[in-house]
Each structure stands twice: as C-alpha cells, then as structure tokens.
Amino acid sequence: MNIKVDKSAPLAIDAINMLITDHCEVEECFRVFARTPADKVDQKKQLLEQICKALRLHMTIEEEIFYPAVRETVFDAKDIVWAGVIEHDKARELIYQLEAMKCDEPSLNERVGRLAAIIAHHVREEENVLFPQVINSALDGEEVGKKMLKRKAELSHAIEAQEPMDAGAVSS
C-alpha cells in the first residue's frame, strides 16, 4: 500500500513545497500505520518500509542540499538547522532499530510512535520557524528545489538497486 500525494502542482519543484509535500506524505503513513490492526503484519511491514525510505530520502536531501543552502542565506537559522540535524540523528537511530525488528514484536508500535513524535516536532519547527525565515530570505527556492529533486531521484534509484545511501554529516 503506497500512499501517494499529487506532486503535479506547478510549485512542487520549489524547495519548501517539496519538503512540505514530504512532511504530509510521511505524516499520513504514520496515521495509516497507527490505524492498521496488529494482525495485518504484511501491511504494517510495507507501511514501515515506506516510512523509513521516505524519511531517509527526506533527511538526506535536507542535510546535503537544503540545510547548507539555508545556512548560507539565512544567518539567523543556524541553530534551528543544527536542531534539525540532531532530530535527524535521533530519527535515524530509531529507523535502524525499526528496520532490525519484526513487525509482530511487542515494542514495534511504541518505537514507531516515538519516531512519529520526533518527526512531528521536527515538522512543526521547520514549518513554523525555519520555513518562514527561508521564504523571507534571498534563497532561490526553485533552484534549490531542482537540486533536491535531482538528488532525491538519484537516491531513489540507489535504494531500488539496494545500494547504501546514508547521508554524510552536515558541515558548519
């Protein structure tokens, strides 16, 4: 079961719109996961794989492209960018744990809930604090969005080919 969001809107290439679309997709996956009965193990596994893949892609393009562009353009955003990286690290740790678990393990739902809470906090911070600063800056959202879209496609192909795709550390 793949949850799809229509990305055909003309502004979807813009960096912030692209990130918000990602946020909406993963939040919906978390909602569906929470509503899925425990006995639907295959469906829960598929949703969990979709959540983990979406988050890995999203975190990577933020850390490799969006955050560095923001740090260069929005000087007051450095602290919130670093807070985002720290949240990514926490999310990555939970993703590693979840990927090693079986979908019928008792603590799975609790860990998915913790991951959902970290992501929900991260999304609120970005959408309510960081994105308004970026919108009011000189950052070329369309150019950054094109780079992010290209990198996301490369990473998606790497995942399909089962190549490693861990994001590197974000430099200051």
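A residue counts as buried when its relative accessible area is under 20%, as exposed when the area is over 50%, and as partly exposed in between, using a 1.4 Å probe and protein chains only. Residues are numbered from 1 along each chain as its sequence is written, and side-chain values use heavy atoms, with hydrogens and water left out.

**Overall build**
- The chain has five helices and zero strands, where helices (H or I, at least four residues) and strands (E, at least two) are DSSP runs numbered from the N terminus.
- Read from the N terminus, the order of elements is α-α-α-α-α.
- The chain has 172 residues, and 43% of them count as buried.
- Its accessible surface is about 9,400 Å², with 53% of that belonging to carbon and sulfur atoms; such areas come from the Shrake-Rupley method with a 1.4 Å probe, and for residues only the protein chains shown count as cover.
- Take the contacts (heavy atoms within 4.5 Å) between residues at least 6 apart in sequence: 77% of them join residues at least 24 apart.

- Helix H2 covers residues 41–73, which is 33 residues, and reaches 45 Å from its first C-alpha to its last, close to the expected 48 Å; the expected span is 1.5 Å times one less than the number of residues.
- H2 bends by about 45° at Glu62, the bend being the angle between axes fitted to the seven residues ending there and the seven starting there.
- Asp79 sits in helix H3, residues 78–99.
- Asp79 and Leu130 are 51 residues apart in sequence, and their C-alpha atoms are 10.0 Å apart in space.

**Cysteines**
- A disulfide is a pair of cysteine sulfur atoms within 2.5 Å, and the count here is zero.
- Cys52 is in no disulfide, as the nearest cysteine sulfur, that of Cys103, is 9.3 Å away.
- Cys52 is buried at 3% relative accessibility, whereas Cys24 is partly exposed at 38%.

**How confident is the model?**
- pLDDT is the predictor's confidence in each residue, from 0 to 100; the chain averages 87, and 86% of the residues score at least 70.
- Over residues 1–12, pLDDT stays under 50, and it also stays under 50 over residues 164–172.
- Where pLDDT is low, the predicted coordinates should not be read in detail.

Key:
Predicted model: local features only at pLDDT ≥ 70, side-chain atom pairs only at ≥ 80, totals over all residues.
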